[in-house]
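Please look at the sequence and structure first.

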Amino acid sequence: MAKQLKKWQGWLLFGGSMAVVFLLGLLVSSLMERRAEVASVFNNKRTEFTDSIIAQNEKFKADYPREYETWAMTEDTSFVSKYNSSQEVDVLEARPEMVVLWAGYAFSRHYNTPRGHKHCLDDLRKILRTGNPGIDGDADMQPATCWTCKGPDVPRMMRELSDSKSVFDPGNYYAMKWSELGAEMVNTVGCSDCHDARTMDLRPARPALYEAWARAGRDVRKASHQEMRSLVCAQCHTEYYFIKPDDPKNPGKANYLMFPQDKGMTCEAAEEYYDSIGFYDYIHPLSKTPILKAQHPGYEIALQGIHAQRGVSCADCHMPYKSEGGVKFSDHHIMSPLANIDRTCQTCHRQDAEVLRQNVYDRQAKCTEVRDRAEQELARAHFEAKFLIDKGATDAEMKPIQDLLRKSQWRWDYAIASHGATFHAPQEVTRLLSHSVDYAQQARLLIAKVAAKHGHTGDIPVPDYSSKAKAQAAIGLDMAKLKDKKKRFLDTVVPKWIDEAKKNGKLVEL
């Protein structure tokens, strides 16, 4: 015979059941309230968009005031962190070795820490990495592809320049020059970069992501909502390259934007892909090494970290939910999770905010320690390789050295070019940087052996590159000339672009 429950046990079971029912009721009520909020927003819209792309972000303000106002706050640069603040910081000034590593590439001229999305277009126009067409007869050497991640005017122009008029068809966009679209690219990163304007469903707007997934047998359109909360970021915060104009395997596709994801989503997989097609971004003028320049593989690095592996999306940490007036919405002031620990980290972690912040700083400090060593080894190695070449080292003698330098610099660049990498996946970043140190040291040992064969023993002399100015002079940059041209470009050409955009209704000012 079953044992009968005591009276108090029955009441306890009843009370527990009622508590569970009550909590489930609250959950259902919250879900219904959220759905009602969404329905209310859509049922009371002042503007019905029939176009999936609305480039002017201001047109969304009336119907989505909270999202718009927080998006506008990406202009704010007041957040300060130990390693990655929101101010514009001259990285080359702090790390002159990077000037040497990027010699022969425009990044050696100018490289700042990124500011918020509101600054994207201004920062692109003013940085010394973009050219100054029309100044002193300079031709435009950069393709329109350089605009691709800088705002919703990009998918709009892709569609206008395609025969299919499809959002996912780049048409003739990649074939154009950067300056040809100067008066078109006037609305900074915003709503239609991530949302279908008709439904506000999350939808990446760049075809390169869809093309990369298709080559891997996947369909972006079938991704879950949680995945989309990362994929709208992954369409830009990812490693990419442009097809070279002289690529015989891709005739007529010069400067076409590609994601090297065919062999996987790791640093080594991308390297294998590039090696298989014989690709390099530039030849280093000192060591004559064919260098791979990492862009910003934020998505790929994040996938190697514990948060992504647990299903956490980019938006969960960089766009945490916020409540205002009883309405819950995503905070579009996209920034470091450390700025809102109570709404980001502490939704899962119960430790004190300062403990969590210090945990991040500790990991970042360890990654930075290895990074410092990698940059020191690589910078010297490039100068030492030049010494060998000047001494008459043969191509056969230099090839294994250059192979090591390519491997070393790719791992270093891949690790440091991904903003926030030391938070997203500190173990992976440390692994890549330690391998970078290893390859650079192997290269330097080989350099010493070849130098001895050519009659030189002891330390190899290198120029003074202890400051940004000294490093830029050491690699032959005329910074005064570059800055003067850029100033004249900003004072004369850019204002004309803005005026033309206003006259054509492409730029709306509230």
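Q: How do the residues of the lining of the largest cavity divide into nonpolar, polar and charged?
A: The model is predicted, so local features need pLDDT of at least 70 and side-chain atom pairs pLDDT 80 or more, while totals for chains, interfaces and linings use all residues. Residues are numbered from 1 along each chain as its sequence is written, and side-chain values use heavy atoms, without hydrogens and water. A cavity is a set of points on a 1 Å grid over the protein atoms alone where a 1.4 Å probe fits but cannot get out, and lining residues have an atom within 4 Å of a point. With Ala, Val, Leu, Ile, Met, Phe, Trp, Tyr, Cys and Pro as nonpolar, Asp, Glu, Lys and Arg as charged and the others, Gly among them, as polar, the lining divides into four nonpolar, three polar and two charged residues.

Q: How much space lies in the largest cavity?
A: The lining includes Glu239, Glu300 and Tyr414. A volume is the space filled by probe spheres set on grid points joined across faces, edges and corners. For the largest cavity this comes to about 40 Å³.

Q: Which element gives the most to the lining of the second largest pocket?
A: A pocket is an open set of points with protein on both sides within 12 Å along at least five of seven lines. Helices are DSSP runs (H or I, at least four residues), numbered from the N terminus. With four residues, the element that gives the most to this lining is α14.

Q: Which residue forms a salt bridge with Lys485?
A: A salt bridge is a side-chain nitrogen of Lys or Arg within 4 Å of a carboxyl oxygen of Asp or Glu. Here the closest N and O atoms are 3.0 Å apart. Lys485 lies in helix α19 and its partner in the loop between α5 and α6, so the pair ties together parts 347 residues apart in sequence. The partner is Asp138.

Q: Is Lys485 buried or exposed?
A: Buried means under 20% relative accessible area, exposed over 50% and partly exposed in between (1.4 Å probe, protein chains only). Asp138, at 26%, is partly exposed. Because its relative accessibility is 12%, Lys485 counts as buried.

Q: Where is Arg488, which meets Asp136 in a salt bridge?
A: The N to O distance of this salt bridge is 2.8 Å. Asp136 is in the loop between α5 and α6, 352 residues apart from Arg488. Arg488 is in helix α19.

Terms used: Helices (H or I, at least four residues) and strands (E, at least two) are DSSP runs, numbered from the N terminus.
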